[in-house]
Amino acid sequence: MKNAEKILEVLERYHGDGEKAVRGESDPCVLYAFSDIRENLLEWYPFARGAKLLQIGSDAGALTGLFLKKGLKVTVFETDVEEIAVGEKRFAGGMELSYVKEIADADGRGAFDYVVLVGTIDRASEWFSSLNPYEELVQKAKEYVKPGGCLFLAAANRMGIRYFCGAARMERGFTKTELNRMLDAAEDDAEKKGSITWYYPIPEYRLPTMLYSDSYLPVRGEFSNLSVAYDAPRYQMISEEAALNICCEEGQFANFTSSYLAVWKKDMSV
């Protein structure tokens, strides 16, 4: 059963009550869809009320509610009919929410204050048939950002320590170098020039309880209970906390953390 099908069933069973669903269900996809911890990833960001936001991929609406609470005009690009059904059921009557299955360049180019690509970059091959659909998706997302606007990109780190410890991989995953290359690609194109700020969600971007940045990196001893896993089976071979402590001491935390949040801001001069 696809995750979207499961979420639709759960919405019916609990009459749309996400809190009851989290308490009553053991499937990790329910936790990732309804836990309010999901919102920690971007709740802190000072979004401008009334601004236009494009969310690429619904992701069961895990962050859509946050954007609506922030007073944003939200457009969700989604091609999966069941994902759309999930969103429409969760946020019925949302006056500032719309779903689209395609975005014409004439309408989308430079049209959004914010573009969000959180946890859905691994779906790029659904939308692009090129040899490198991931880079193509990121470049297209950058085109949709207004000058001075931001693209939020979150993805798993395929070199994350937790996966060497035995955690199930949540998606394809990308290293920081790979993501940086995609965000910096076509830097000779003035329309795609911008700056990147990196954040490091802990334990990972789907259920973040801490958020570090290059201006404030963790030091030895800051981590505890990182071994909690919701995607069974997991067989822990080494201590994730001990391994990350070594990474901190050796200045390697940013390379081996579990996931990334990159905030790319388009140059105002475009």
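Predicted model: local features only at pLDDT ≥ 70, side-chain atom pairs only at ≥ 80, totals over all residues.
## Ground rules

Local features need pLDDT of at least 70 and side-chain atom pairs count only at pLDDT 80 or more, while totals for chains, interfaces and linings use all residues. Residues are numbered from 1 along each chain as its sequence is written, and side-chain values use heavy atoms, with hydrogens and water left out.

## The largest pocket

The largest pocket holds about 550 Å³ of space. A pocket is an open set of points on a 1 Å grid over the protein atoms alone, with protein on both sides within 12 Å along at least five of seven lines. Its volume is the space filled by probe spheres set on the points, which are joined across faces, edges and corners.

The lining has 24 residues; each has an atom within 4 Å of a point. Nearest the centre lie Asn 3, Asp 59, Glu 83, Gly 119 and Met 170. Two elements give two or more residues to this lining: α1 (3–13) and α3 (28–34). Helices (H or I, at least four residues) and strands (E, at least two) are DSSP runs, numbered from the N terminus. The largest share, four residues, comes from α3. By class, the lining has 12 charged, nine nonpolar and three polar residues. Asp, Glu, Lys and Arg count as charged; Ala, Val, Leu, Ile, Met, Phe, Trp, Tyr, Cys and Pro as nonpolar; the others, Gly among them, as polar.

## The cavity

There is one cavity of 30 Å³ or more. In a cavity, a 1.4 Å probe fits but cannot get out.

## Salt bridges

The structure holds 17 salt bridges, each a side-chain nitrogen of Lys or Arg within 4 Å of a carboxyl oxygen of Asp or Glu. Glu 39 pairs with Lys 69, with the closest N and O atoms 3.0 Å apart. Glu 39 lies in the loop between α3 and β1 (52–56) and Lys 69 in helix α4 (residues 64–69), so the pair ties together parts 30 residues apart in sequence. Glu 39 is buried, at 15% relative accessible area; Lys 69 is exposed, at 57%. Buried means under 20%, exposed over 50%, and partly exposed in between (1.4 Å probe, protein chains only).

Asp 214 and Lys 176 meet at 4.0 Å, N to O. They link distant parts of the chain: Asp 214 sits in the loop between β7 (210–213) and α11 (240–249), and Lys 176 in helix α10 (residues 176–184), 38 residues apart. Asp 214 is partly exposed, at 44%, whereas Lys 176 is buried, at 18%. Shared partners also join Lys 6, Glu 9, Arg 13 and Glu 25 into one salt-bridge network.

## Helix α1

Which residues of α1 are buried? They are Ala 4, Lys 6, Ile 7, Val 10 and Leu 11. These cover an arc of only 155° around the axis, so they lie on the same side of α1. The arc is that of the directions from the helix axis to the C-beta atoms.

The cover over these buried residues includes α2 (18–24), α3 and α5 (81–90), where contact means heavy atoms within 4.5 Å. Just after α1, His 15 takes a positive phi of about 50°.
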